[in-house]
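Hello,

Here is the structure I promised to hand over. Please open it first, then read my notes below.

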Amino acid sequence: MPKTALRPAPPAIEGNDVAIVGTGTVLWFVGFVALVPFQGWLSDHGHGNWPWICLSGGLLGLIGLKYCTARRAAIRRARAAATDGTDAADGTDAADGTDAADGTDAADGTDAADGAEAGAGS
């Protein structure tokens, strides 16, 4: 007999990923700054790569921080678009037919970037 759920699954919790990644990044940089004065001793004892590992962690954390802030902004744009009645998936505004992704106006085929007709031959 298959098991049935006793209660429905709770909704997913949205954590503050920017704060989490930012804290980790700061800790990696603190580790780097703390270990640099001991570089000679660490090298003598076979651990000379530890400061560079910390620096790598901090730099990768900066990349992660950029990703998280971009993700957060995209989620906010999607939520705002959902409340405004626009389609955030393809950048098309349902009210006027403009596409924010490439500047093309679906009504007349013009491209805002170069003013050329979409159907014109090149």
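First, a definition: helices (H or I, at least four residues) and strands (E, at least two) are DSSP runs, numbered from the N terminus. A34 is found in helix α1 by that rule.

Some ground rules come next. This is a predicted model, in which local features need pLDDT of at least 70 and side-chain atom pairs count only at pLDDT 80 or more, while totals for chains, interfaces and linings use all residues. Residues are numbered from 1 along each chain as its sequence is written, and side-chain values use heavy atoms, with hydrogens and water left out.

**The overall picture**

The protein has three helices and zero strands. From the N terminus on, its elements run α-α-α. Buried residues (under 20% relative accessible area; exposed is over 50%, partly exposed in between; 1.4 Å probe, protein chains only) make up 14% of the 122 residues. Contact means heavy atoms within 4.5 Å. Of the contacts with a separation of 6 or more, 35% are between residues 24 or more positions apart.

**The helix pair**

Two packed helices are described by the angle between their axes and the distance between the axes. Axes here are lines fitted to C-alpha atoms, for helices over the stretch in contact, and angles run from 0 to 180 degrees between N-to-C directions. Helix α1 covers residues 17–35 and helix α3 covers residues 50–84. They pack at an angle of about 160°, with their axes 8 Å apart.

Which residues form the contact of α1 with α3? They divide into 16 nonpolar, eight polar and three charged. Nonpolar means Ala, Val, Leu, Ile, Met, Phe, Trp, Tyr, Cys and Pro; charged means Asp, Glu, Lys and Arg; the others, Gly among them, are polar.

**Single residues**

D17 is found in helix α1. Is D17 buried or exposed? At 18% relative accessibility, D17 counts as buried. Leaving aside neighbours within four places in sequence, D17 is in contact with C68, R71 and R72. C68 is buried as well, at 7% relative accessibility.

A34 counts as partly exposed, at 40%. A34 and C54 lie 20 residues apart in sequence and 9.7 Å apart in space, C-alpha to C-alpha. C54 is buried, with a relative accessible area of 11%.

Finally, a search of the whole structure finds zero disulfides (pairs of cysteine sulfur atoms within 2.5 Å).

Best wishes
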